[in-house]
Amino acid sequence: MTRGGTAVLESADRVLSGGVLTGMGGVGKTQLAAHYARTAWQSGELDVLVWITAGSRSAAVTGYAQAAVELLAVDPGEPEAAARAFLAWLEPKSQPRPCRWLVVLDDVADPADLRGLWPPASPHGRTVATTRRQDAALAAGGRRLIEVGLFTEAQALAYLVGALAEHGRTESGEELVALAAGLGYLPLALSQAAAYLIDTGTGCAAYQALLANRSRSLADAAPDVLPDDQTHTVAAAWSLSLDRADTLRPAGLARPVLQLASFLDPNGIPGPVLTSPPALACLTDHHTASADSDADEVTAEQVGLALAALRRLSLINHTPDILDQTVRVHQLIQHAVRDTLTRDQHDRLAHTAGTALLTAWPELERDTDLAQAMRANTTALADCTGETLYRPGAHPVLYRAGTSFGEAGQVAAAREHFQQLAAATTRHLGRDHPDTLTARAHLARWRGKAGDAAGAAEAMAELLQDQIRVLGADHPDTLATRAFFVRWRGEAGDAAGAAEAMAELLQDQIRVLGADHPDTLATRSNLARWRGEAGDVARAATAFAELLEDRIRVLGTDHPDTLATRNHVARWRGKAGDVAGAAEATAELLDDQIRVLGTDHPDTLATRAYLAYWRGMAGDPAGAAEATAELLKDRIRVLGTDHPDTLATRNSVAYWRGEAGDAARATAAFAELLEDQIRVLGTDHPRTLATRRNVARWRGEAGDAAGAAEAMAELLKDRIRVLGTDHPDTLATRINVAYWRGKAGDAAGAAEAMAELLKDQIRVLGTDHPRTLATRSNVARWRGEAGDAAGAAEAMAELLEDQIRVLGTDHPRTLATRKAVARWRGKAGDAAGAAEATAELLQDRIRVLGTDHPDTLATRSNLAYWRGKAGDAARATAAFAELLEDQIRVLGTDHPDTLATRNNVAYWRGMAGDAAGAAEAMAELLEDQIRVLGTDHPRTLATRKNIARWRGMRPVPPKRWPNC
């Protein structure tokens with residue numbers, strides 16, 4: 001077997017007097033040396049060629065002595081003297097025709113064996129040695145270490161194709177590539193595999209199945225007669241190396257370390273796994289037994305020495321530096337080592353490997369590469385152990401690996417992992433075994449996390465029946481499953497049903513577990529959440545506040561669950577209308593989480609997201625966008641680019657940029673996010689569908705209302721298919737379709753669609769649900785836009801009474817409805833009444849939100865407008881001019897609201913009699929709108945129309961037209 005290594009040797013020979021080929025057994029070092037020697041001899045470059053198998057010092061001496069006998073006719077009875085004579089003969093001498101020689105020292109076992117026996121440097125002689133050792137001593141005396149590695153995929157494929165073709169065999173390239181990968185691109189293994197295929201007529205697929213069969217050893221895959229004058233099978237190629245490594249310091253430890261490593265991922269075993277307490281305990285037991293005495297406990301430092309011994313014998317790859325403690329072992333070496341184990345040894349080491357992984361697994365997976373390596377090692381362990389990890393029950397590391405997939409954001413992979421685990425536990429342990437039930441619970445959970453909330457609820461319901469039958473209704477696992485079932489019932493759209501079921505569960509948990517049990521407290525948290533989601537926001541806020549007191553009493557102020565409850569208290573306080581209070585409480589919580597959990601803890605990052613959200617809701621969308629962009633950098637660093645929380649943060653950045661006035665940039669950002677969510681989460685995941693909604697919305701906000709309506713209609717079809725007709729998100733999408741239909745010009749159609757939706761929301765959510773009240777507002781609005789301003793005003797007034805009763809007088813939606821009542825009252829002809837109502841609303845908005853909140857500024861705009869419509873154009877102009885100064889200060893010069901106010905200043909300036917000034921101001925505004933919004937945006941087009949209007953209202957001197 002030959003390849004590009006000959007060129008490497010020839011290149012080295014031109015610079016150094018000798019080359020030492022080093023590498024693991026089976027990479028073809030001997031074949032390369034033989035090919036090099038044969039080529040040099042056949043080309044006439046040599047006068048003397050000496051090949052010595054230098055497995056020991058005596059073998060090297062004997063080889064030299066034999067050469068001396070043949071070349072120098074010395075006495076064979078004195079091998080040492082004969083060897084010295086031969087080496088002296090190799091020394092360079094002045095003679096007319098110097099002797100050209102090559103000495104090959106094959107398979108050097110120990111560099112110490114050749115002390116004083118290396119051939120001398122000579123301009124006419126060459127030395128090539130092969131060894132599995134990597135000791136620094138091999139590179140002394142001007143020799144160069146040349147590492148011989150594995151084949152590349154292309155080299156392996158070329159070798160197999162050529163070897164089979166010589167015997168008239170052909171196999172598909174795809175199967176040969178798979179076979180080469182299965183053999184780890186090891187030249188010796190490829191050579192013997194090709195011989196086996198040729199000798200037996202076996203196909204590639206069958207040979208791969210033979211290798212994968214755990215009950216068969218590597219010896220079963222060896223040909224009856226080894227090819228290419230080989231003397232060792234693949235399995236035997238490393239036995240001498242391992243024997244030698246086991247004699248190195250600390251004696252007797254290299255073998256058990258390699259045995260343990262043989263159950264883990266060949267592509268990389270994290271160093272801490274092999275030095276974990278379970279690993280050290282297992283190695284101590286082996287060391288004590290092999291020493292037949294009470295040996296000291298094995299330490300991490302000793303394991304490091306054993307790894308160094310294995311590396312020196314080329315049995316592993318390992319660079320023990322600070323940045324990378326990874327250990328790599330060729331997969332066939334692992335196979336060969338496992339073949340030597342008894343059944344008891346195999347099972348004990350398999351369980352030790354699993355426990356070592358579990359112990360070394362970080363609780364918080366901040367290092368994504370390490371987490372991936374831990375999952376890969378668990379997969380490798382499961383693949384090579386069969387049912388071992390299911391005796392007597394499923395090893396916990398199997399569950400940890402699946403959870404890790406989910407925590408890393410790979411929710412689909414987590415679902416698939418637990419699907420396989422549930423099938424395996426059912427097969428090995430039975431359907432009713434507790435471990436099988438646990439695997440099914442995990443499967444249902446990640447099914448829901450992957451976007452199938454209804455399927456998760458259904459799976460939990462089936463599991464619950466089995467747990468009641470097997471474990472009993474009051475078993476903690478049964479109660480936990482009830483909690484998960486209720487959760488996914490709520491996520492599937494039945495918030496009211498989830499709240500009712502949580503209340504029933506809570507009573508049972510108090511009876512069985514006690515009022516202060518963590519699971520009981522968790523159910524109180526879930527009950528509060530679903531009551532809020534069902535529309536009772538105030539009750540949710542109160543329930544979380546009461547829960548917080550009990551968690552402080554039971555768990556303490558700094559417990560993560562206590563801190564999480566403070567987050568819930570703040571959130572529902574904001575949902576109930578106290579946005580400023582929510583922001584303040586969240587900021588206080590963040591300080592404590594940084595102190596207790598650290599800056600990179602997922603809960604800390606989540607609180608930063610909430611703080612940015614409440615900052616935006618409190619009137620600072622630009623600040624919210626900036627804070628969320630900073631958070632995004634940290635989430636990418638801590639969680640990775642594809643983690644769901646990272647994707648959610650990108651969503652928030654895009655949203656707040658849009659709210660800050662940059663609709664076009666928001667649209668582009670949501671479109672980019674959508675591509676990644678489809679790749680990571682899938683097309684039907686709720687978050688993917690939500691991003692489609694955002695793309696459509698900001699497309700509309702950027703001026704394309706018709707396109708937004710069309711995109712929302714397409715989304716509605718998918719939401720009905722995925723979630724069903726009555727899911728809250730489906731109903732919300734119907735609102736969006738109707739809204740953009742109205743914005744595109746079909747106000748009557750929007751009103752009709754909103755009215756039909758209202759009936760379904762009353763049936764599904766109830767009359768007082770916030771979303772139902774919101775739809776009543778939309779029905780009234782589009783009724784007004786369609787021409788019935790008086791009817792809209794009346795409907796808004798009726799809605800206002802219900803909102804005050806349900807939400808309170810200061811809730812943002814209540815204040816928004818007061819604005820709508822005033823608007824439609826003015827549209828119906830009572831501009832003075834509208835102005836008076838808006839002035840009263842402004843006082844409350846200043847009191848509740850502050851002077852600089854966007855809603856406060858918008859109310860000032862409305863007040864100026866209605867004063868103008870009531871006949872006081874000059875006062876309206878002055879009020880808009882004052883407002884413009886504040887909007888430039890708060891929102892910036894290019895914000896859509898700032899541009900709109902410039903339009904209003906110009907308009908009312910014209911209405912006050914200064915048509916020329918209005919036209920001039922509109923022309924200046926047009927340039928900025930074209931730059932910010934684009935030439936085709938509806939507001940840009942409206943400004944062009946207004947310019948023409950105001951220019952037409954001023955005297956224009958006659959223009960002389962040239963004669964045609």
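Colleague: Why is Gln95 called partly exposed?

Modeller: Its relative accessibility is 40%. Buried means under 20% relative accessible area, exposed means over 50%, and partly exposed lies in between, with a 1.4 Å probe and protein chains only. Gln95 is at 40%, so it counts as partly exposed. This is a predicted model, where local features need pLDDT of at least 70, side-chain atom pairs count only at pLDDT 80 or more, and totals for chains, interfaces and linings use all residues. Residues are numbered from 1 along each chain as its sequence is written, and side-chain values use heavy atoms, with hydrogens and water left out.

Colleague: Where does Gln95 sit?

Modeller: In the loop between helix 4 (79-90) and strand 3. Helices (H or I, at least four residues) and strands (E, at least two) are DSSP runs, numbered from the N terminus. Gln95 and Arg312 are 217 residues apart in sequence, and their C-alpha atoms are 42 Å apart in space.

Colleague: What makes strand 4 mostly covered?

Modeller: Strand 4 spans residues 125-131, and seven of its seven residues are buried. In a regular strand the side chains alternate between the two faces of the sheet. Here both faces are covered. Gly125, Thr127, Ala129 and Thr131 are buried on one side, and Arg126, Val128 and Thr130 on the other.

Colleague: How do you know that strand 1 and strand 4 pair?

Modeller: Two strands pair if DSSP finds at least two bridges between them. Five bridges join strand 1 (residues 18-22) to strand 4, and the two run parallel.

Colleague: Which sense does the pairing of strand 3 and strand 4 have?

Modeller: Parallel, over six bridges; strand 3 covers residues 101-108. Leu102 stands opposite Arg126 in strand 4.

Colleague: How many helices and strands does the protein chain have?

Modeller: The count is 43 helices and seven strands.

Colleague: Why is the protein chain called more spread out than a compact globule?

Modeller: The radius of gyration is taken over C-alpha atoms, and the globule rule is 2.2 Å times the number of residues to the power 0.38. For 964 residues the rule gives 30 Å; the protein chain has 39 Å, well over that, so it is more spread out than a compact globule. Its C-alpha atoms fill a box of roughly 130 × 95 × 55 Å along the principal axes.

Colleague: What share of the residues is buried?

Modeller: Buried residues make up 46% of the 964 in the protein chain.
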